[in-house]
Amino acid sequence: MADDDVPRETTEPHVSLESTTSEAANVYLRFKSIFGDPHARRSRGRKRITPVAGSSVPFGIGRDPHGLGDTINSLTMQLGWNSPLAQSELLASWAELAGEETANHSTPAGIDDGVLTVHCESTAWATQLRLMRNVIMEHIANRYPDAGIQSIRFQGPNAPSWKKGPRSIPGRGPRDTYG
């Protein structure tokens, strides 16, 4: 069989109603389909709107006013501010947490990655607070559970050192450079 003998389907171009009518008629038909027929019979009665679940209805369930404290607590929880707020409260109330005498000789410096750093007046106070670490951690866990404190680091007064930071490597230091 040759290619000429095979019956072929003829495709005529699709003629639509839009191509045979004027542009004004097309616009009218489009508006009629969108907005409806202006000559159609309209119902005289009011349509009842069925309430959608969770919609805002005056005097409905859940529309009672809430206290400002409840609203602020809800907002801080939604925005994820609980941990920073608890940490700042912890730093502000160090005197109540550790005691007056201890607070007179130590100050909280800050919180980094769950580690509370406390600067002490002397090495004796730093040692004493290291011995009380478990008691202080228990108070923090009970009063400020959202603070995320995992450990406490007590530092004595800074003495001059050749060391260049907490992550320096051990070694002889500057002594090996003197001739």
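Two strands are said to pair if DSSP finds at least two bridges between them. Strands (E, at least two residues) and helices (H or I, at least four) are DSSP runs, numbered from the N terminus.

The model is predicted: local features need pLDDT of at least 70, side-chain atom pairs count only at pLDDT 80 or more, and totals for chains, interfaces and linings use all residues. Residues are numbered from 1 along each chain as its sequence is written, and side-chain values use heavy atoms, with hydrogens and water left out.

**Strands**

Strand S2 pairs with S1 and with S3, as the table shows.

| Pair | Residues | Sense | Bridges |
|---|---|---|---|
| S1 and S2 | 106-112 and 115-120 | antiparallel | 6 bridges |
| S2 and S3 | 115-120 and 151-155 | parallel | 5 bridges |

Threonine 117 in S2 stands opposite glycine 110 and also opposite arginine 153 in S3. S1 and S2 form a hairpin with 2 residues between them, and aspartate 113 in the turn has a positive phi of about 55°.

**Helix H3 and the residues after it**

Helix H3 comprises 12 residues, 68-79, and reaches 16 Å from its first C-alpha to its last. This is close to the expected 16 Å, which is 1.5 Å times one less than the number of residues. Just after H3, glycine 80 adopts a positive phi of about 75°. Tryptophan 81 lies in the loop between H3 and helix H4 (82-92). Because its relative accessibility is 43%, tryptophan 81 counts as partly exposed, a class between buried (under 20% relative accessible area) and exposed (over 50%), with a 1.4 Å probe and protein chains only.
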